[in-house]
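The sequence and the structure are shown first.

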Amino acid sequence: VALQGEGTAQKPYKLTCSNAFTLIDNQPAAYYEVANDIDFLSIPFEGPKRAFTGKLDGKGYTLRNLCVMGRGLFNEVKDSAKISNIKLENPILLLSDQNIEIASGVLANSMQGGVDEAGVASYASLSNVHVKSPVIKAKGYKEIVGTIVGYVALNTDVNTCSVTDADIVAPEAQVGGLIGKSQTFTQIHACLFTGKAEGKIIGGI
């Protein structure tokens, strides 16, 4: 799969199929946009391994039937990364006691901004991300589970996001409807969760 575009704000790389997401590893700081609805066919999928620091605009398109095991579509989203305007429909996240990640979510395991050597803050953001009918099964997993992101911290803004009709079974984990755990200058606003959640510790958002 070859990506169209140049990876710039003016000409972002276009993601047109599931395999295109694996190519984000080649340039994790670039600009990307989803070019059409994408069906992952409920086949276990492993996304980018490197930390994503770029920009991803879903353009309102839908990622359907994403199935991830042990980790989210992205492992880590950090610094000034932005993910926006994307829908996920019928995603599945499977976790077990064999998974070593301390936090996990359908979209990403973790998300955080940063501070450079001069003390200037960079802000990571998640906006207009909507997840419909997610299924999370985490038998034996004892860490942190969030439907969208497992853990957010340090200058991260989450706004206008939702999870609807969720089915979360993680009886030994800390569970959040959208975010599993947040701390250190994290803002979460205008967000919604509906569905069922089972966990050792549960938070609605």
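A residue is called buried when its relative accessible area is under 20%, exposed when it is over 50%, and partly exposed in between, with a 1.4 Å probe and protein chains only. The model is predicted: local features need pLDDT of at least 70, side-chain atom pairs count only at pLDDT 80 or more, and totals for chains, interfaces and linings use all residues. Residues are numbered from 1 along each chain as its sequence is written, and side-chain values use heavy atoms, with hydrogens and water left out.

**Overall architecture**

The protein chain contains 22 strands and zero helices; these elements are DSSP runs numbered from the N terminus, helices being H or I of at least four residues and strands E of at least two. Its C-alpha trace spans about 45 × 45 × 30 Å along the principal axes. The radius of gyration, taken over C-alpha atoms, is compared with a globule rule of 2.2 Å times the number of residues to the power 0.38. For 205 residues a compact globule would have a value near 17 Å, and the 16 Å of the protein chain agrees with this.

Of the 205 residues, 46% count as buried. With contact defined as heavy atoms within 4.5 Å, residues 24 or more positions apart account for 74% of the contacts that have a separation of 6 or more.

**Nonpolar core**

Nonpolar side chains tend to be buried together in soluble globular proteins. A nonpolar core is here a set of buried Ala, Val, Leu, Ile, Met, Phe, Trp, Tyr and Cys residues joined through side-chain atoms within 4.5 Å. The largest such core has 51 residues, and those with the most contacts inside it are Phe 21, Phe 74, Ile 83, Leu 126 and Ile 148. Strand 19 (residues 162-176) gives the most to this core, namely six residues. Leaving aside residues up to four places away in sequence, Phe 74 touches Ile 24, Pro 48, Phe 52, Leu 56, Ile 83, Leu 107, Ala 108 and Asn 109.

**Positive phi in loops**

| Residue | Phi | Loop | Relative accessible area |
|---|---|---|---|
| Ser 42 | about 60 degrees | between strand 3 (38-39) and strand 4 (55-57) | 36% |
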